[in-house]
Amino acid sequence: MTPITTASSRVAPPAGDDGGMTEEHPAPDDPYIWLEEVEDERALDWARARNAEAFAELAESQRFRDLKAEILEALDADDRIPYVVRRGEHLYNFWRDADHPRGLWRRTTLDSYRTAEPAWQVILDVDALAEEEGESWVWQGATVLRPGHRRALVELSRGGADAAVVRELDLVEPGFVPDGFGLPEAKSDVDWIDADHIFVGTDFGPGSLTTSGYPRVVKRWRRGTPLADAEVVFEGKPEDVAAYAHHDPTEGFERDFVGRAPDFFTSEEFLLRPDGSLEKIDVPGDASVSVHRDWLLIRLRTPWSVAGAEYPAGALLVARFDDYLAGDRDLALLLEPDEHRSLRGYTWTRHHLILATLTDVKTELEVLTPGEGWGRAPLPGVPELGVADVVDTDPDHTDEYFLDSQSFVEPATLRRGEVGAGVEVLRRAPARFDATGIDVRQHVTTSRDGTRVPYFVVGPGHSDGTDGPRRPDHPAPTLLTGYGGFEVSLLPSYSAIVGRGWLARGGTYAVANIRGGGEYGPRWHQAAMRENRPRAYEDFAAVARDLVARGITAPERLGVQGGSNGGLLVGVMLTTNPELFGAAVCQVPLLDMHRYHRLLAGASWMAEYGDPDDPGDWAYLRTWSPYHRLDGRRAYPPVLFVTSTRDDRVHPGHARKMTAKMADLGLDVRYYENIEGGHGGAADNEQAALMWALALEFLWQRLG
């Protein structure tokens, strides 16, 4: 399911490695640095040995086998909702099940999709392709040619890594196009211009990548010509995160755009004229922009003063695109955030703008109609409870939208509507666990600096309307999760894995909406960036303490789980507040904050965390870097680290080195490394079920 937000950032491996040492800034001694050699046999042998130990401890019980079987059954279930996106006359879906673990890319029509058993046309069978070519292909997505929708640029990775090959696929007579557009394995960026031209950024050779490892050079490539002869249209700077290009094929508004991202949160974008000249879209560097037909949308991350007007951080502004380029700064304010309300995202239909907002972590959707005054109305079909997301729209032709809604205890419902017309229910997912007696409540606690921090609790309720354990003398085993970074919001969602593996077995589940996330817009995120990062950790610790103070759980029965930046959160909790938790599951984590920027994609995250090579930044990073805070004299809760050899975003060396260091200190630690899976940790449902069953069995052993 794709979110309503307008764009996503990609990160990549840095080029080169000098060991992170300078005379002014020596690196701490690191006897485990050899574990950073991802595919070195010594390191792999170490990982295999740790895997065997984890399996012997966690995978031999009947409960583990039951957990894995129940999770896999839910992931492979035939009655799941096949979410679709419209591309011309067809609705496309990517589907995995027990018979197709790598997946099918397929399509149908709306009329057929409305039936109980749609007639699907398979466009690409990834399992068959993997078997034919002897490669562990994992689907990474497709870019379909507009208009016409006759061709697609398909991305496939080996084992689930971010790096992928690109191949051109015929959608009329399905099959790869002989001598079509194609790229070898790399972290590439491609977009159609027309049937015979594409924009391409990839590894063209020395100097073509940024220090973050992503394309620095963008070219226009004509069909039938060598890639080496493609015309350079834009170049970023070596220290940028990436350079990129995009073609807008909207009839009557055909335009080309190029740009560069100096860091994760800033960009510089240009209109690329037919003569090759560039015209800058003059907005604040940390604002994001998008163009639809006549309209330019500007989303602010910091306050902006322009043409005598003041606009706050988090505001959404609109102007006529051509007028804006000509110097007119007549802006309309479409959303003004406040203490409780923030912009979550937006998407266009043919004639309307659908706006998604959060009010105290509850979603609202409304329809805006362009023109003088920009009319506003609620989006039809949005349920009162739960979270609603616009899955897809048809901005080229109609005002159609597909709307998904769900909650922690309510399975998903997929609706289709047209602005100004009716709404129909297309699919309802069946319940995957028994939610009888399970309540959902939102609480607010106070962090160390007085900030109010909300969180959700899902678990058994009391007849008097309060929440907590079934018996006061037997606190509930509780699993607390969070993220707290990159302006990512954690919202209520239905999880068969959490439901079957935790809630239905009597556990309580809690989700913390800490600073660093996007629940209250840019201000909430920026409050925990760089030197202010500890605010996120203080918020999370406050939630843990509040769960105990309310009688919901006790420290020895409270587990913590998180992945990626959430894995860093778990690592910090483990090493700064170990007394708050009874067990920890740390997945695909960052942990070594001295070398993170030199490992794979880490260089692109320095705007979030800081630069360890800057003595001033390292002075605060070292105070919470989990790898460096480990102390053999302290007591820590038992921990399970989980990662993937094929994760080329967050280096598996983080989890490897932390595990080795903890083991040598005699601490209670175990480790599992999946060979495939990329940053998601698993390349198919079987692997996902295994990984989650290991984590849940570990938690039940320690907390249950």
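**Notes on the model**

1. Asp 546 has a relative accessible area of 14% and is therefore buried (buried is under 20%, exposed over 50%, partly exposed in between; 1.4 Å probe, protein chains only). Its side chain meets that of Arg 550 in a salt bridge at 2.7 Å, N to O (a side-chain nitrogen of Lys or Arg within 4 Å of a carboxyl oxygen of Asp or Glu). Arg 550, at 37%, is partly exposed.

2. This is a predicted model, in which local features need pLDDT of at least 70 and side-chain atom pairs count only at pLDDT 80 or more, while totals for chains, interfaces and linings use all residues. Residues are numbered from 1 along each chain as its sequence is written, and side-chain values use heavy atoms, leaving out hydrogens and water.

3. There are 56 salt bridges in the structure. In one of them, Glu 608 pairs with Arg 533, with the closest N and O atoms 2.4 Å apart. This pair links distant parts of the chain, 75 residues apart: Glu 608 lies in helix H10 (residues 606-609) and Arg 533 in the loop between helix H7 (522-526) and helix H8 (534-549) (helices are DSSP runs of H or I, at least four residues, and strands runs of E, at least two, numbered from the N terminus). Both Glu 608 and Arg 533 are buried.

4. Leu 558 is in strand E36 (residues 558-563) and is buried, at 0% relative accessible area. Leu 558 and Glu 424 are 42 Å apart, C-alpha to C-alpha. Glu 424 belongs to a network of salt bridges, with Arg 86 and Asp 111 among the other members.
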